[in-house]
2 protein chains.
Amino acid sequence: VKNKYLNNIQLYYSLGSNIANENAEIIGEEARHIVKVMRNKKGDEIFITNGSGSIFKTSIEKIDGDKIKLKLFQEYEYENRFKNIHFCLPKLKNPDRLEFALEKCTELGITKFLIFSSERTIKKGNKTERWEKILLSAMKQSLRSFLPDLKTTSLKEISMLEGKKILFTQESVKRFDFNLIPGNTNYYFIFGPEGDFTKEEFNLFVESELFNLGENRLRSETAIIKCASLL
Amino acid sequence: VKNKYLNNIQLYYSLGSNIANENAEIIGEEARHIVKVMRNKKGDEIFITNGSGSIFKTSIEKIDGDKIKLKLFQEYEYENRFKNIHFCLPKLKNPDRLEFALEKCTELGITKFLIFSSERTIKKGNKTERWEKILLSAMKQSLRSFLPDLKTTSLKEISMLEGKKILFTQESVKRFDFNLIPGNTNYYFIFGPEGDFTKEEFNLFVESELFNLGENRLRSETAIIKCASLL
């Protein structure tokens, strides 16, 4: 079944490799959550996603410690409308704000994130594991079937990627037309940190790649969420 | 000067009643912040807003304890594009999420909030003073000149207000066309709490007032911020 709209269900995640033909397995933390917190029992109907475009209607066949065996009886397939959209987010001084942006963007359908450090970012270090947990949880919460991909990189590397780069800054007065995104070109939306980019960082991009996201100054995470909403 | 776009400034707030002709006064906490944290001195140029559509370029004439006297030398006037837009937000189980929504909506230009309790809201009590602080700080942060108005009310009272009511729910499949908002009718955008409205609450509204905000389930605060972004 293609693109079926689901509502009022609880969605769980099982690695693609644990789903085969008529059966699936959920192990570890997610299995414990299903049994201990959600109190599902043998015979219960639950929905799982493989994180790569499918949701399955299943029933619990067997619970064995932190391993759950499922029988699949319906597959719903989805298309990733945002497969060519990459969100390049700066680390922010306040890590809660970046985490909030990741959660909101995932709920709104973004599936590709590049996290970079910038010269005016004070916070160093990557909390990749924590960020991935947030992405997983937001995917399930919003009943989506694409587990977002997150990589850490640098602004320089982003500037060298092939595809369209759209860097939002208050320094530009040019508006970006969200209606004009074709489905086959990679788009990299790049957002500035608090205190904006330095001159050297701006110089990694050309004038035609700079755009403005609205007439008022927005916090980094607000600009990020606004852009995801407009897409 | 009308609708001038300002950037790279620090904006402070002074009650309208403390601004008269050529002079203004800032007192209390805001004044202490300007002197002790921002370390402004006599003669410095600072920008203040009256929270009702004007930003003034001023210079500090005198600092006297927690009282600052300012000389005004330029007024910028703005129009409130959202004066007919009312955001009706439910209290949320997690108060951070409501606070985040208030902050983001203010940055995005919303100026009228109605906070209501709903049957499935666990959190009771109003944190009006805290919410107002967030609104004030977000207004200054985003260099806006309208201090949002916040009232607490009930869903029943909202349902009886005159004007267009737009209640967002996954139960509806009808999309709302954001391009069709005329400037003179009051619009009340109503968002559901976690766990959605009860049947009795839905019954306060008629079918034609129910709309859908997107194909996927969104958390309350995500729906709120998405709607503000689309406006």
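Me: Which word describes B:Arg144, buried or exposed?
Reply: A residue counts as buried under 20% relative accessible area, as exposed over 50%, and as partly exposed in between (1.4 Å probe, protein chains only). The relative accessible area of B:Arg144 is 17%. Because this value falls under 20%, B:Arg144 is classed as buried.

Me: What pLDDT do local features need in this predicted model?
Reply: Residues are numbered from 1 along each chain as its sequence is written, chains are lettered from A and ligands numbered from 1 in the order in which they are written, and side-chain values use heavy atoms, with hydrogens and water left out. The model is predicted: totals for chains, interfaces and linings use all residues, side-chain atom pairs count only at pLDDT 80 or more, and local features need a pLDDT of at least 70.

Me: What average pLDDT does chain A have?
Reply: pLDDT is the predictor's confidence in each residue, from 0 to 100. In chain A, 99% of the residues score at least 70. For the complex, the predictor gives an ipTM of 0.79 and a pTM of 0.85. The chain A average is a pLDDT of 90.

Me: Which residue of chain A does B:Arg144 touch?
Reply: B:Arg144 lies in the loop between helix H3 (128–141) and strand E9 (149–154) of chain B, where helices (H or I, at least four residues) and strands (E, at least two) are DSSP runs numbered from the N terminus. Contact means heavy atoms within 4.5 Å. Not counting residues up to four places away in sequence, B:Arg144 touches B:Leu11, B:Thr49, B:Thr106, B:Glu107, B:Leu108, B:Gly109, B:Met139 and, from chain A, A:Asn216.

Me: How many Å separate the backbone oxygen of B:Thr106 from a polar atom of the side chain of B:Arg144?
Reply: A polar contact is a pair of N or O atoms within 3.5 Å; within protein, one must be able to donate a hydrogen and the other to accept it, and residues adjacent in sequence count only if both atoms are side-chain atoms. B:Thr106 is one of the buried residues of H2(B). Its backbone oxygen lies from that side-chain atom of B:Arg144 at 3.4 Å.

Me: How far apart are the end C-alpha atoms of helix H2 of chain B?
Reply: The expected span of a helix is 1.5 Å times one less than its number of residues. Helix H2(B) holds 13 residues (95–107), so it should span 18 Å. In agreement with this, its end C-alpha atoms are separated by 19 Å.

Me: How many residues of H2(B) are buried?
Reply: The buried residues include B:Arg97, B:Phe100 and B:Cys105. At the start of the helix, a side-chain oxygen of B:Asn94 reaches to within 3.0 Å of the backbone nitrogen of B:Asp96, and just after the helix B:Gly109 takes a positive phi of about 110°. H2(B) is largely enclosed by the rest of the structure because its buried residues number eleven of 13.

Me: Which elements of chain A do the buried residues of H6(B) pack against?
Reply: Helix H6 of chain B (residues 220–230) has ten of its eleven residues buried, so it is largely enclosed by the rest of the structure. Within chain B, its buried residues pack against strand E7 (85–90), H2, strand E10 (164–168) and strand E11 (187–191). From chain A, the partners are helix H2 (95–107) and helix H6 (220–230).

Me: Which residues touch the most other members of the largest nonpolar core?
Reply: A nonpolar core is a set of buried Ala, Val, Leu, Ile, Met, Phe, Trp, Tyr and Cys residues joined through side-chain atoms within 4.5 Å. The contacts of B:Phe87 include B:Cys105, B:Phe189 and B:Ile224. Of the 66 residues in the largest core, those touching the most other members are A:Phe87, A:Phe189, B:Phe87 and B:Phe189.

Me: What kind of axis relates the two copies?
Reply: The copies are superposed by least squares on the C-alpha atoms of residues with pLDDT of at least 70 in both. Chain B can be laid on chain A with an RMSD of 0.0 Å by a turn of 180° and a shift of 0.0 Å along the axis. The two copies are therefore related as by a two-fold rotation axis.
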